[in-house]
Amino acid sequence: MKSKKIVSMLMATVLSVGLLAGCTSNKSDAKDNGESKILNLYTSRHYETDDKLYEEFTKETGIKINVVEGNPDELLERLEREGADTEADLFITADAGRLDAAKKKDLLQSVSSETLNRNIPENLRDKDDQWFGLAVRARVLVYDKERVKAEELSTYEALTEEKWKGKILTRSSGNIYNQSLLASFIAINGEEEAEKWAKGLVNNFARDPKGSDRDQAKAVVAGEGDVAIMNTYYVGKLLNSSDPEEVKVGEKVGVFFPNQETTGTHINVSAIGLTKNSKNKDNAIKFMEFLSSDFAQKQFAQTNFEYPANPKVEASELLKSWGEFKAQEINLSLLGEYNSKAVEIMNKVGWK
Ligand SMILES: [Fe+2]
């Protein structure tokens with residue numbers, strides 16, 4: 001039930017995610033729709049859960065998923081460059097802003113699917129049905145439970161106070177998660193305030209940004225800093241890691257949802273869109289529908305510790321144990337709109 005509440009809060013933020021599907025033509029069985037039995041997927045997600053889902057889809061349908069994994073901007077550029085010749089049927093990114101950019105560049109097409117409309121709430125899909133959200137993540141404060149009390153934490157803004165000098169950890173400005181975080185502040189507070197925040201944060205960095213989200217939690221536990229800004233699901237991954245050292249890190253950190261009394265915690269969404277030039281549209285939509293199903297959504301929730309987009313599917317026990325939270329209420333397409341501004345500010349304030 002908690003997960004439903006969270007999801008309904010998330011809905012208030014109009015998320016933009018794209019969904020595209022495609023097929024190519026090579027006829028294999030009699031009931032074939034004339035499309036290829038291979039779907040080409042460009043994705044910037046990098047999780048084992050996804051590979052397992054592709055395998056399961058192939059098992060159910062005989063349609064193979066050919067995955068091209070990469071940086072979201074490079075994939076977007078590639079889609080644009082390939083134009084009508086692209087082999088890509090579907091585009092997935094872990095950032096709504098990127099899907100919105102694909103839509104604006106006319107690289108996606110609208111999908112009319114009752115299944116998708118039923119499974120993915122309106123606020124988690126594009127208003128023209130060009131992309132559909134699959135999984136939601138929150139960018140939270142992770143702290144060492146021995147050295148920091150939750151009561152000391154409040155907002156992202158408070159991390160720029162003198163008290164946190166030399167204590168803040170987060171990854172580099174080249175990372176899309178931080179770019180979108182700053183873009184959300186531009187959308188909510190304006191450019192000037194966003195720049196002030198970024199400058200204050202850089203001032204309080206414990207070290208030059210490096211490593212993944214998971215590495216920030218490790219640095220917190222190692223005492224390099226006290227508070228890390230990172231995505232929720234990585235805490236779940238640490239706690240469920242096959243490496244006992246990672247499990248220890250997961251156990252030593254607390255999760256704090258900032259800005260609960262103010263503008264809400266920053267969220268983003270992984271989403272899928274059907275490419276404009278997909279040659280395997282029916283099969284691609286089948287795949288999109290599969291990813292929105294209870295089965296697939298449960299995998300995102302249980303094995304990748306994301307908040308499922310489908311409100312019928314509950315969040316994992318771990319995520320439920322962190323409680324409900326208030327999310328930022330902005331249209332997620334704004335993350336794309338303010339991306340270059342965010343990168344410009346990061347460069348200006350010396351966020352490496
Ligand atoms: Fe990630």
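Is N347 buried or exposed? N347 counts as exposed because its relative accessibility is 54%, where exposed means over 50%, buried under 20% and partly exposed in between (relative accessible area, 1.4 Å probe, protein chains only). The model is predicted; local features need pLDDT of at least 70, side-chain atom pairs count only at pLDDT 80 or more, and totals for chains, interfaces and linings use all residues. Residues are numbered from 1 along each chain as its sequence is written, and side-chain values use heavy atoms, with hydrogens and water left out.

**View 1. N347 in helix α15.** N347 lies in helix α15, residues 339-349. Helices here are DSSP runs (H or I, at least four residues) and strands are too (E, at least two), numbered from the N terminus. A271 is 76 residues from N347 along the chain, and 28 Å separate their C-alpha atoms.

**View 2. The two domains.** Domain 1 covers 2-136 + 269-318, and domain 2 covers 138-264 + 337-349. These bounds come from an automatic or database domain assignment. The domain centres, taken over C-alpha atoms, are 28 Å apart. Eleven residues of domain 1 contact 14 residues of domain 2 (heavy atoms within 4.5 Å). About 1100 Å² is buried between the domains, and carbon and sulfur atoms give 55% of that area. Buried area is the accessible area (1.4 Å probe) that two parts lose on being put together, summed over both. R98, F305 and Y307 supply 39% of what domain 1 buries against domain 2, more than any other three residues.

**View 3. A salt bridge across the interface.** One salt bridge is found between domain 1 and domain 2. A salt bridge is a side-chain nitrogen of Lys or Arg within 4 Å of a carboxyl oxygen of Asp or Glu. The side chains of K104 and E337 form a salt bridge at 3.4 Å, N to O.

**View 4. K103 and D126.** Their side chains meet in a salt bridge at 2.8 Å, N to O. The pair links distant parts of the chain, 23 residues apart: K103 sits in helix α4 (residues 96-104), D126 in the loop between α5 (114-119) and β4 (132-144). K103 counts as buried because its relative accessibility is 18%. D126, at 5%, is also buried.

**View 5. K348 and E195.** This salt bridge spans 3.2 Å, N to O. K348 belongs to helix α15 and E195 to helix α7 (residues 191-203), 153 residues apart. K348 is exposed at 60% relative accessibility, whereas E195 is partly exposed at 23%.
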